[in-house]
Amino acid sequence: MPQRIVQSCKVLIGLEIHVQLATRSKMFTGAANAAANFGAEPNSLVDEQVLGLPGVLPVMNRKAVEYSIKVGLALGCQIARFTKWDRKSYYYPDLPKNYQISQYDLPLCYQGTFDIPDEDGTARTIRIRRAHLEEDAGKLLHDAPGGYHIGYTIVDLNRAGTPLLEIVTEPDLTTPRQVATFAQELQKLVQYLGVSDGQMQMGHMRFEPNINVHITDGDGQVHRTAITEIKNLNSFAVLEKASAYEIQRQINEWIDTGSLGRKSTYGWDDARQCTFLQRTKEEAQDYRYFPDPDLPPVVVNDAWLAELKGQIGELPAQRRKRYIEAIGLSAFDAGVLTADRATGDLFDGAVAAGGNAKRVANLLLSHGNRIANERGVSLGSLGLKPVRLAELAQLIDQNKVAPAEPAGKVLARLIEVDAPAEQIAAELGLIQSSDAGPIDAAIEALLAQDPRPLQDYRAGKQAAFGALVGMVMKQAKGLNPKVVQERLKQRLG
């Protein structure tokens, strides 16, 4: 059999993202939300409703609905003015009711767009098909530790009933890198909005890429592989690797066998670094959706929608663009300062308090970043007051504090003590003197010594000037090096 020739490939990837919302209670009951109680004793965050006991009724969590609408607005979605709850029926051990309360034909949010930075630096628009609200299922632990026999599966229902926002994109992503970038940008968004902690290692966000490839053969005929969904990926690195592997797997399968595959669900084997078949894909009719008879519909009026719009504020992409275009920061620096909302708020607050924007940025990106990395926290979590950061920036611009090591020492102290920056700098002995008197006296003392660098400089070796400045600085501590250079040049003619 002649080998099949691939002339070109078009990759289509859509994403399903599950975001656990950071409400205090679960979606349809007052039981504590597992998203806010990670690591709780197994099966301790349950009640009669979560267990699906006879006679219990669900009660909708208004805060979860509001959080979902905020995400929808931030994604440019239309917000349904009327929506309802549906039962999605299937049996699984971690779903005691044998159905999940979800939304089917009338999602809360739909038809949106979200821009991400592409690999070439341009903006890429990803269409959002829908974002609907549902309750999460529990968790199955296979080959569980703690005295259970190998081969047994145990169930932890703490996660069952957690408010879960499922966001579905159109297949507008074309590379594994774009998939990871979308996931990273969405994480920033939900954290900015305060609707989710977005910590993937705690299960707050789970990603499921839906992948297929349009393969053009040597004769120009197009062969479309079946869509495969990779389930429950919870890191950016794995999301990118799994997507890349699955794309190549589908291409290789067509080259080797001519098969386009079947619509299926796959998992990711991290040990073997490959995807593996789990089951063929269910269709919507398999879930036997029907309206939940125990829950009233949700009606979103103008006043409620306007109130939620007013709570959103500036989004990460908008803030990043402002830092680049209005302030002149590099794309990388703007990305660091918008990595989380608290860091951006600290930067904006310091600028509003009178700090020069670029000076404040330099302080945060150098000394601030170093201290944050040492402590394992974000810049915005250091506890630094915006007004103190602004004061330090002003001291540097006034040549009262050197921007290098002295500024770093003052900044570190300002994190611990809320006091005027100039007072802290004085206590640390880091205030620079720009007074010409002490500087000139130090210069004269140096000339009297007639050191070798002075002889070299007078002999025409310009490189010796830096050594002379350093020697003057040693004559008297706290001198402003810029003024020392100016006065020394004048004195030496």
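Is Lys63 buried, exposed or partly exposed, and what is its relative accessible area? Lys63 is partly exposed, with a relative accessible area of 40%, where buried means under 20%, exposed over 50% and partly exposed in between (1.4 Å probe, protein chains only).

1. Basis of the note. This is a predicted model, in which local features need pLDDT of at least 70 and side-chain atom pairs count only at pLDDT 80 or more, whereas totals for chains, interfaces and linings use all residues. Residues are numbered from 1 along each chain as its sequence is written, and side-chain values use heavy atoms, with hydrogens and water left out.

2. A search of the whole structure finds 33 salt bridges, a salt bridge being a side-chain nitrogen of Lys or Arg within 4 Å of a carboxyl oxygen of Asp or Glu. Glu66 forms one with Arg62, the closest N and O atoms being 3.2 Å apart, and another with Lys63, at 3.6 Å from N to O. Glu66 and Arg62 both lie in helix α2 (residues 62–74), four residues apart, while Glu66 and Lys63 are three residues apart in helix α2, about one turn of the helix; helices (H or I, at least four residues) and strands (E, at least two) are DSSP runs, numbered from the N terminus. Glu66 counts as buried, because its relative accessibility is 10%, whereas Arg62 is partly exposed at 48%.

3. A charge over a ring. Arg62 also lies over the face of Trp304, at 4.4 Å from the ring centre; the criterion is that NZ of Lys or CZ of Arg is within 6 Å of the ring centre and within 35 degrees of the ring normal.

4. Asp292 forms a salt bridge with Arg87, with the closest N and O atoms 2.9 Å apart. Asp292 lies in the loop between β16 and β17 (298–299) and Arg87 in strand β4 (residues 86–89), so the pair ties together parts that are 205 residues apart in sequence. Both Asp292 and Arg87 are buried.

5. Aromatic pairs. The structure holds six aromatic pairs, for which rings of Phe, Tyr and Trp (its six-membered ring) must have their centres within 6.5 Å, planes under 30 degrees apart counting as stacked, over 60 as edge-to-face and the rest as tilted. The pair of Tyr104 and Tyr289 is stacked, because the ring centres are 4.1 Å apart and the planes at 5 degrees. Tyr104, in the loop between β5 (99–102) and β6 (109–117), and Tyr289, in the loop between β15 (274–280) and β16 (290–291), are 185 residues apart. Tyr104 is partly exposed at 36% relative accessibility, as is Tyr289 at 23%. Phe114 and Phe182 form an edge-to-face pair, 5.6 Å centre to centre with 85 degrees between the planes, and this pair links strand β6 to helix α3 (residues 176–193) across 68 residues. Phe114 is buried at 9%, and Phe182 is buried at 0%.

6. The second largest pocket. The lining of the second largest pocket comprises 22 residues, of which Pro117, Glu185, Arg320, Ile324 and Ala331 lie nearest its centre. β6, α3, α6 (316–327) and α7 (331–337) each supply at least two residues of this lining, and α6 gives the most, with six residues. On a 1 Å grid over the protein atoms alone, a pocket is an open set of points where a 1.4 Å probe fits, with protein on both sides within 12 Å along at least five of seven lines, and lining residues have an atom within 4 Å of a point.
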